[in-house]
Amino acid sequence: MAEHSSSIFAEMSGLAAEVGAINLGQGFPDTDGPQALKDAAIAAISGGRGNQYPPANGIMPLREAIAAHQSRLYGLSVDPVTDVVVTTGASEALVASILALVEPGDEVVVFEPWFDIYTAAISMAHGRRVGVPMSGPDLRPDIEALRRAVTPATRLIIVNSPHNPTGVVFTRDELLAISEIAIASDVLVLSDEAYEHLWFDDNRHLPIATLPGMFERTITIGSGGKSFSFTGWKVGWASGPTDLIAAVRVVRQHLTFVSGGPFQWAMALGLRLPEEYFIEFRADLAAKRDLLAGGLASIGLRVLKTQGTYFITTDVRPLGYADGLEFCRDIPGRAGVVAIPHQGLCDDHAVGGPYVRWAFCKQPDVLERAIDQLSSGLAH
């Protein structure tokens with residue numbers, strides 16, 4: 001069986017459906033994003049914009065909005081004509097980038113735990129996955145392990161910050177160290193920034209492409225679904241230097257060809273929303289983070305600090321479990337709640353070991369009900 005034929009997400013979501021559990025495993029919000037974006041999508045449909053095939057690389061207003069967004073927030077200069085491609089979600093952008101850049105036998109370095117789409121795409125490209133742990137009590141990127149992992153066979157380093165599943169936002173120093181390794185070894189970087197607007201407190205997101213010598217070797221991935229809470233619309237993008245984006249475009253046209261025409265018009269509006277939208281968005285999510293974190297701590301789990309994303313990571317050992325996978329398979333029946341074990345997102349199960357990911361992008365009453373059920377179910 002191909003290693004990408006199943007996933008831990010499918011297993012846990014299936015378990016949630018089977019027992020009727022609250023699903024805190026899947027990372028999707030249960031409330032919609034801005035009404036203005038809904039209105040824009042409806043207007044596009046009613047006005048006949050995007051109901052047929054949109055341009056292959058995305059409608060120009062969206063590509064211009066992506067370029068303007070990268071310039072306004074990060075000082076990055078990308079040409080919307082040549083340096084941007086719109087995709088069916090960030091997932092397609094990631095897969096197309098890996099298929100475009102990785103030849104059979106090439107090594108791809110990924111921090112583990114990882115998002116499972118990376119590993120599926122590396123497998124489909126016949127590349128060789130090389131894991132580098134998120135380590136220490138706070139699960140930070142292990143820079144020395146990264147340095148040891150990069151070899152003459154390394155083609156690509158995948159960076160994901162804010163990081164799914166740990167909730168870590170890479171620091172400037174960490175990104176500089178990764179950049180120095182990439183430049184010294186002349187390897188490319190695929191920077192998954194799907195959660196770029198979902199950072200909390202003072203943990204501001206910094207794109208690695210902004211660092212010296214990195215733009216020309218980095219493909220940056222963005223997600224409209226994560227940025228605006230419309231995950232079902234599946235609008236994402238890749239931006240970067242012309243030569244790398246040209247390679248991604250060639251592959252992507254043979255995947256979905258085009259998609260989401262009316263939704264592209266809505267996302268073009270979203271990317272031009274004032275900064276107040278993102279501030280309020282983060283504040284709402286931070287409150288939900290704190291609600292769930294407090295509840296998980298109250299039942300005895302060790303809660304790691306979440307700096308970004310939709311996710312909280314906990315260590316299950318204080319509750320007597322040595323293994324996060326065992327815990328996640330046990331709690332749906334006992335407590336009616338589903339989470340995701342890091343172990344299912346690691347080649348080295350010792351790295352994921354006792355850690356579990358919980359999604360807090362849910363309505364407060366859902367989070368409160370989950371906490372109550374866990375408290376009751378795990379007490380017996």
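**Salt bridges in the predicted model**

Aspartate 284 and lysine 288 pair through their side chains in a salt bridge, with 3.2 Å from N to O. Both sit in helix H11 (residues 275-298), where a spacing of four residues puts about one helical turn between them. The model is a predicted one, and its salt bridges come to 16 in total.

Other pairs reach across the sequence. Arginine 329 and glutamate 11 meet side chain to side chain in a salt bridge of 2.8 Å, N to O. Arginine 329 belongs to helix H12 (residues 324-335) and glutamate 11 to helix H1 (residues 8-19), so this contact ties together parts that lie 318 residues apart in sequence. Arginine 329 is partly exposed, with 47% relative accessibility, and glutamate 11 is partly exposed too, at 33%.

Aspartate 347 and arginine 129 form a further salt bridge, at 2.6 Å from N to O. Here a loop meets a strand: aspartate 347 is found in the loop between strand E13 (340-341) and helix H13 (349-352), and arginine 129 in strand E4 (residues 128-135), so the pair links parts 218 residues apart in sequence. Aspartate 347 is partly exposed, with a relative accessible area of 40%, while arginine 129 is buried at 18%.

Methods
Residues are numbered from 1 along each chain as its sequence is written. This is a predicted model: local features need pLDDT of at least 70, side-chain atom pairs count only at pLDDT 80 or more; totals for chains, interfaces and linings use all residues. Side-chain values use heavy atoms; hydrogens and water are left out. A salt bridge is a side-chain nitrogen of Lys or Arg within 4 Å of a carboxyl oxygen of Asp or Glu. Helices (H or I, at least four residues) and strands (E, at least two) are DSSP runs, numbered from the N terminus. Buried means under 20% relative accessible area, exposed over 50%, partly exposed in between (1.4 Å probe, protein chains only).
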